[in-house]
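Dear colleague,

Please find the structure below, together with its sequence. My notes on it follow, arranged by region.

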Amino acid sequence: MIYRTTNIADRFVETANLYQDKIAVIYNDEEISFGELKKISNHIAWKIHQKVNTNSPVAVFISSKVNVVISNLGILLSGNFFMNLDIGTPIDRIKQIIIQTNPALILVDKNNESHIKCITNNYLIYEDIINSQGNYEEDSKIEKYRRNSVDSEPLCIINTSGTTGVPKSVVLSHKSFINFVNWAYSIYDFSYKEKIASLSPVVFDIYVYELCMMIFHGATLILIPGTMAIFPYKMLKYLEKQKPTFLFWVPTIMVNIANRDMLSGFDFKSIRNVWFAGEVFPTPKYNYWHKMLPTAQFTNLYGPIEITVDCTYYIIDHDIADDEEIPLGYSCNDADVFILNDRDVIADINEEGEICVRSSSLAMGYYNDEKNTLERFVQNPLQHNYPEIIYRTGDIGLVNDRGLIMFKGRRDSLIKHMGYRIELNEIEHIIINVLQLVDNGCSIYDSDKKRIIFIYEAECEIAPEIFKKQLLKKLPKYMIPTVYLRMSMLPRNTNGKIDRAKLKVYKDIM
């Protein structure tokens, strides 16, 4: 089925009416049916509507993932769009995001109310909404406020790392997710029988796609508690009991599981599809997973948040040697992914260049940030006859003689680490300009050992604990360097700038 809906909230209502008694969400021992989910989220929608006009951003700062799902649906049903905030992020950074996006309202749970209260009084407490006496028949009238909605309106905002210390807020539309759902259905034939092992944080676009799978197909979301990611064995035991059919994970945790041979002894015959994205999956670790789940189909996906989930895919349909790279593959059917060389023309076969994307599924830009939007969403240099926006990813790739897109690294300081997109420049900015711990320094990434390294100039060595203690006040844990190296003078290039290429050799000796 190709979905023709223009508003994902409308599709959720259709699905909930069709599968009223079917389980929509599983969280630990709790199960919520589609009918109950619609009832609760409609109630939230009505409460939001009393405070907020339609087509406005509503932020969510809630610990429980199941309550985030309910809140997101309530926001969409109210005719607005959601922005999930990471409860593990330092409150100063949350404040920056709130100032940048100026949400019309924030939904917060009681455990986190004190953090939001010191920033703004424009919030509603989730538990108060749920416990309020509501007329659920009255709540259902909220649907009429979405009648004039169109698919180009925002669905959500996802915040990513920014070079100046202020996160960039990517705006993604209903249409772009509808397009991705339709593409995935055309290749994988997903249905109401899917059980999704949802591990991604709620601030990831992967989570939003999993939410859409539930909404469009009537699939069941198995929400893996965040604490379980720290204890993979416990998580795998939980999943064996739940019998998922679909995984969409970043490689970091999959590598950890492979390193410790943790799939042995578990029965995961139920898993039909395994998707991975967000960073390079080392081939030997992939081969372990393939060996342990021989009946599952594995797909490598690629794409920055700005193109909505992913724009290339590669179904691995043959054995891959441990020393062979896993390709990015081919463009998804709503994207044209191409390589531009330094002259801004299509690169030759096997010639490296910047990976660029043109698609109707591109993000709408960065919220309240015209400057960054105009820098990355640009006119297609291959034609000048009419407006056509492309996104320049900053990733380096090539098309090989088999027509496969291959990933070759980054043009600038943007990396993918633990599934998060991180600007190394932001770490430098915080250490040097905000915390003023050193006068000069440079962050590099060791992709083999999955670690961030900070190299700095100073007369005396600074204890790593000092860096980490100060950084944890400004940055989330996944952005904190794990290795710190002092140099009397950082290497410079002919322009007097720090020579990052020369510094990369240090990752191999630490």
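Please bear in mind throughout that the model is a predicted one.

Strand β25, which covers residues 451–457, is paired with β26 in the parallel sense, and five bridges connect the two. They belong to an open sheet of three strands in the order β24-β25-β26, whose pairing is mixed. Because β24 (440–446) and β26 (483–487) stand at the edges with a single partner strand each, one side of each is left without a neighbour in the sheet. On average, neighbouring strands here are turned by 20° against each other, direction ignored.

Two helices pack on this sheet:

- Helix α14 (residues 424–434) touches β24 and β25, and its direction makes about 145° with that of β24.
- Helix α15 (residues 464–471) touches β25 and β26, and its direction makes about 120° with that of β26.

**The hairpin of β20 and β21**

Strand β20 (residues 389–399) runs antiparallel to strand β21 (residues 405–410), and five bridges join them. Within this pair, Val399 is found opposite Ile405 of β21. Five residues lie between the strands of the hairpin, where Gly403 adopts a positive phi near 80°.

**The nine-stranded sheet**

A further open sheet, again with mixed pairing, is formed by nine strands in the order β2-β1-β10-β9-β11-β12-β13-β14-β15. Its edge strands, β2 (30–33) and β15 (330–331), each pair on one side only. Inside that order, strand β9 (residues 195–198) and strand β11 (residues 246–249) pair in the parallel sense over two bridges. Ala197 stands opposite Leu247 of β11.

**Helix α11 and its surroundings**

Which residues of helix α11 (residues 251–259) are buried? They are Pro251, Ile253, Met254, Val255, Ile257 and Ala258. These buried residues pack against α10 (232–242), β11, β12 (273–276) and α12 (283–292); β11 and β12 are also members of the nine-stranded sheet. After α11 comes Asp261, with a positive phi near 45°.

The packing of α11 with α12 has an angle of about 70°, and the axes are 9 Å apart. The two helices are therefore roughly perpendicular to each other. From α11, the contact involves Met254, Val255, Ile257, Ala258 and Asn259, while α12 contributes Lys285, Tyr288 and Trp289. By class, six of the residues in this contact are nonpolar, one is polar and one is charged.

**Helices α3 and α9**

Helix α3 (residues 65–77) packs with helix α9 (residues 205–217) at an angle of about 70°, their axes being 12 Å apart. This pair, too, is therefore roughly perpendicular. The crossing in which α3 passes α9 is right-handed. Lys65, Val68, Val69, Asn72 and Leu73 make the contact on the α3 side, and Tyr207, Leu211, Met214 and Ile215 make it on the α9 side. Sorted by class, the contact of α3 with α9 has seven nonpolar residues, one polar residue and one charged residue.

With kind regards

How values were computed: Residues are numbered from 1 along each chain as its sequence is written. This is a predicted model: local features need pLDDT of at least 70, side-chain atom pairs count only at pLDDT 80 or more; totals for chains, interfaces and linings use all residues. Side-chain values use heavy atoms; hydrogens and water are left out. Two strands pair if DSSP finds at least two bridges between them. Helices (H or I, at least four residues) and strands (E, at least two) are DSSP runs, numbered from the N terminus. Axes are lines fitted to C-alpha atoms, for helices over the stretch in contact, and angles run from 0 to 180 degrees between N-to-C directions. Contact means heavy atoms within 4.5 Å. Angles under 35 degrees count as roughly parallel, over 145 as roughly antiparallel, 65 to 115 as roughly perpendicular and the rest as oblique. A crossing is left-handed if the near helix is turned anticlockwise from the far one by less than a right angle, and right-handed if clockwise. Ala, Val, Leu, Ile, Met, Phe, Trp, Tyr, Cys and Pro count as nonpolar, Asp, Glu, Lys and Arg as charged, and the others, Gly among them, as polar. Buried means under 20% relative accessible area, exposed over 50%, partly exposed in between (1.4 Å probe, protein chains only).
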